Amino acid sequence: MVKVGIVGVGNIAAMFVQAVEYAKRRESLFGVIHEVIGGYRPRDIEIVYAVDVSQEKVGKDLSEAIFSYPNMIPKLVDIPRTGVIVRMGRVLDGVADHMIEDFRPADYPEPTLDEIVQELRDHNVDVLVNLLPVGSAKASRFYAEAAAKAGTSFVNCIPEFIASDPVYQKLFEHNGAVLLGDDIKGQLGST
């Protein structure tokens, strides 16, 4: 199993969670070019950790949070309770001023870098996937640094130059973790 954490429980996360659940229920996946990569299949993904800042999502089971406002993704797969409770993250620049009313940040204490590092370790997260809104430069770097310090690999799915930054490359290499992507969503067309 690959234990995955998600930063940003928005529309893309909702589709990702549903796709993983769908894959677990199927013997083969029509339309998937490579069903096995490095010995792993999509059904080998286990989502064990999730972070968001919305009052509509923090404190909820991931199965419920992915369908919470302002997400607009239809329910395509029934998702059983996951046991993954969405944790409060850092707002930083992850919520643009013009989106405050839509994202409705929760009124909880924001975790420190060290607290996020410890949570990643406590949940044995192998890979942290950054699905924050585009423009979340500081927030993306905060979570990339936390992942590196925890020895957790990081997949950056938004157009922020992290994987191509030599400073982050060295940080991940030093901590024995993998760093991928400077815009996976844009390259794969997931939005």
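The structure is a predicted model, in which local features need pLDDT of at least 70, side-chain atom pairs count only at pLDDT 80 or more, and totals for chains, interfaces and linings use all residues. Residues are numbered from 1 along each chain as its sequence is written, and side-chain values use heavy atoms, with hydrogens and water left out.

**The sheet**

Strands (E, at least two residues) and helices (H or I, at least four residues) are DSSP runs numbered from the N terminus. Six strands form an open sheet in the order β3-β2-β1-β4-β5-β6, with parallel pairing; two strands pair if DSSP finds at least two bridges between them. Because β3 (87–88) and β6 (179–180) stand at the edges, each with a single partner strand, one side of each has no neighbour in the sheet. Strand β1 (residues 2–7) runs parallel to strand β4 (residues 127–130), and four bridges join them. G5 has L128 in β4 as its bridge partner.

**Helix α5 and its neighbours**

Helix α5 lies across β1, β2, β4 and β5 (153–156), and runs at about 160° to β5. Axes are lines fitted to C-alpha atoms, for helices over the stretch in contact, and angles run from 0 to 180 degrees between N-to-C directions. The axes of α5 (residues 137–150) and α6 (residues 166–174) come within 9 Å and cross at roughly 25°. That makes α5 roughly parallel to α6, a term for angles under 35 degrees. In this contact (heavy atoms within 4.5 Å), R141, A144, E145, A147 and A148 of α5 meet Y168, L171 and F172 of α6. The residues of the contact comprise six nonpolar, no polar and two charged.

On a 1 Å grid over the protein atoms alone, a cavity is a set of points where a 1.4 Å probe fits but cannot get out, while a pocket is an open set with protein on both sides within 12 Å along at least five of seven lines; lining residues have an atom within 4 Å of a point. A volume is the space filled by probe spheres set on the points.

| Space | Volume | Lining residues by class |
|---|---|---|
| Second largest pocket | about 480 Å³ | 16 nonpolar, six polar, five charged |
| Largest cavity | about 30 Å³ | three nonpolar, no polar, four charged |

The second largest pocket is lined by 27 residues, and G10, F103, L131, L132 and P133 lie nearest its centre. The elements giving two or more residues to this lining are α1 (11–24), β2 (45–52) and α3 (100–103). The largest cavity is lined by A23, E27, L29, E35, R41, P42 and R43.

Conventions:
Ala, Val, Leu, Ile, Met, Phe, Trp, Tyr, Cys and Pro count as nonpolar, Asp, Glu, Lys and Arg as charged, and the others, Gly among them, as polar. Angles under 35 degrees count as roughly parallel, over 145 as roughly antiparallel, 65 to 115 as roughly perpendicular and the rest as oblique.
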